Structures are given as C-alpha cells and as structure tokens.
Amino acid sequence: MDKPYGLLAELTYSCPLQCGYCSNPLQLDDYRDELSTEEWKRVFSEAADLGVLQLHLSGGEPLQRHDIVELVQHANQLGLYTNLITSGLGLSTRRAEQLRAAGLDHVQLSIQADDQALSDQIAVTSSFERKRVAAGLIKKLGWPLTLNVVLHRQNIDRIGGILDMAEAMEADRVELANTQYAGWAGPNQAELLPTRDQLEGAEAVVQAARERIGDRIDIIYVIPDYYSKYPKPCMDGWASRQFTVVPNGEALPCPAAHELARGLNLPPATVREHSLEWIWTESPLFQQYRGDAWMPDPCRSCDRKEIDFGGCRCQAFALTGDAARTDPVCHLSPDHGLVEAAVAAANDPQRPKDGPLIPRAKVGRTKRAVGATPGKTAGTPVQLSRTVLKGT
C-alpha cells in the first residue's frame, strides 16, 4: 500500500491510571504542549485527504480532552470511522450521549483484571467499578464494545475470569495481548514477563473459551514476542499501513517509536511544520526503514523478510541501541541471547515472588490560548484538572 488506512491520534498523555505496562514514553513532560482543537481538526482533514479510513482516538485518556466531542464530530463529517480507546473514567452518561450524537462508531475499553483489588492495584487507581459502569453504558447506547486486556505476569492467571467478565459485559470483541516492552513496560519487564507455565495455562483457557463461546465474542490472543521463534510482522512493515500523531504533533511510524525517533538524530516529523502528505511520502523518519534496503543479514537473505519485515524496529532499538539490527526476538538474530536471558530469568524457579511495578508517572497539560502561534505556548501555562486521565 502506498497510502495509510489508519491514524492513531494520541490526543493527550494525561491519564488517571498509572499502569506499569503503559506504552506511553518515559519523558511525559515533553508532550504537554498539546495540539489545539483546530490543529487536530486540520490533522484529521489531511488524514482523510491522504486516504485514511480509520481514526483511533487514544492517549493517555482521550476523554481528558474537553473538545473530544467536537473532534469526533469533525472526524465523522469527514467520513472517518472513529474508535475511542479509553479507560472509561470520565465517560459520564452525558458525555457518552454527546459522543453518540457526534457520530462515534466504536469504543475500546481497557480492563486490568476481573478482580477488583488486583485491577485497582495494577491501575494504581480505584477504577474497577467505574469500568464496569462504563461497559454497561457503552452497550446501552448501542456501541460495539471491545475490551482491551494487556496480559502480564501479574494478571495472566486470571484470564478465565477476565473472559467470564467479558461475557457478562456482552463484549463483542476481546483483545488479550501480552505486554510489549516499550515505554513504561521496558523498565518493568522483569516483573511483567510471564513464565512458560503461565502461557501454556492461558492458551488452554483461551482455547476452551473459544469453543464454549463460539462466535458470540471474537477473542484475539497474542503471545509475548519473547517466546516466539520469529518476530511478528510489526505494523506490517515500517510506515506501511498506519501511523501515529502524538499530543505535541510529532508523527511516528508506530505508537512505540518515541525513543527510536529521537535516537536516530533525524529531524522530527511534526504536523506543526509539515503536512501529513509530506510526512508520509518524504520525511526522513518515515523513509528510514521502509522496504528492505536497510536490512542487515540474516534478514536481507531470509525468505521471511517479506513476512515479518525484520521484526520490530523499536524492540531492536530498545534491546541493542541500534534500530537497524535484526529484532532480537528472532532465533536467527546475533542478539537473540538478550531475549533468551530474559526468558531464563522469568522462568528461574528461585526467582523472588512478584515485586511492585514502577508506576507510570502522571502528567499535566498545557492549555493553549486561542490564537496562539503553533508550536508556542501563549502566556502562562494553565494546569488542567487530572480527574480524568488514561487506560489502554
């Protein structure tokens, strides 16, 4: 494809939850100067002109944006399919009805666990009951409901109860995805990576649930990269089908590319300076790992290079410091020992009992005055309320 079909708009990194597996960047304060309402509308319009069909509204917690209804309405008028990815915190009846009237098409609700104490512990926020209420409201208003569940060492043994809860919530789809070790999950990897026994148990439970539930719920189950022989086809290739715009207007080829983009020492691709058309077709960042010319061996001579595209560039960068190396998950990678060591540590019978996670930091927002120059704040930054802040 020479045009993207999906845009992930990370509207804000403010979030009421502090999940230790969050994929948001560690340097959250660098993203407080958020795009204004009009800037986001322009981005959506340019995305539609570029060929984008699906708009995913995320964060942080997108409901923290007071203009969320206006943004959804604008996207709907452009003919974009809109999907809200939310913790559910802040989805009041009034806000939900406004979003429904504005044309929001779909809602993805994050779930941490089926047990209240564990769920609130993982989220570092009392949120379990509010998520249950949000799920009921979503179904009442007639939206398709997807439950997003990030699996890891501390909740994967609850997968049966999570699927039971999905049935009770009348979810249409459940995405059970093991943690990717980007953002806050990176420094928490040792406490998040499950054991082989946990994975085998989870797979058996998922298979039994699929047989029992049938086609009433679409259950997606994704195992951890670290236990795979080959890497996954990350994003179907670098800057191939989808892209991300983060709160300060920087465009990324994938949601986890914050650190990689800065590590490449390339000029940032920002919507405050360039059109989406230019970013997609000409920016050095988006061109960097397209195709296969950049590939080293063993990728270059591998018959899987058009299947997995060399794996995840962000994972290669995080583990080796060089985004152009073969993804260490691949058993053919010269750096595969890094992954083997992590797996061995996770399965060490002498390993201490699960310890605490480093919680994701909270971050405020910078409110832009009307008429402010793009890229600059006007006057004194105003700290907005953090009563509603992330979930995925």
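**Strand pairing and overall form of a predicted chain**

Strand β3 (residues 81–86) and strand β4 run parallel and are joined by four bridges; strands are DSSP runs of E of at least two residues, helices are runs of H or I of at least four, and both are numbered from the N terminus. Two strands are taken to pair if DSSP finds at least two bridges between them. The bridge partner of I85 in β4 is Q108. The model is predicted, so local features need pLDDT of at least 70 and side-chain atom pairs count only at pLDDT 80 or more, while totals for chains, interfaces and linings use all residues. Residues are numbered from 1 along each chain as its sequence is written, and side-chain values use heavy atoms, with hydrogens and water left out.

Strand β4 (residues 106–111) is mostly covered, with six of its six residues buried (under 20% relative accessible area, with a 1.4 Å probe and protein chains only). On one side of β4, H106, Q108 and S110 are buried, and on the other V107, L109 and I111 are buried.

The protein chain as a whole contains 13 helices and nine strands. Its radius of gyration is 21 Å, close to the 21 Å that the globule rule gives for 392 residues, so the chain is as compact as a globular protein of that length. The radius is taken over C-alpha atoms, and the rule is 2.2 Å times the number of residues to the power 0.38. Along its principal axes the C-alpha trace spans about 60 × 50 × 40 Å. Of the 392 residues, 54% count as buried.

Definitions and conventions: Buried means under 20% relative accessible area, exposed over 50%, partly exposed in between (1.4 Å probe, protein chains only).
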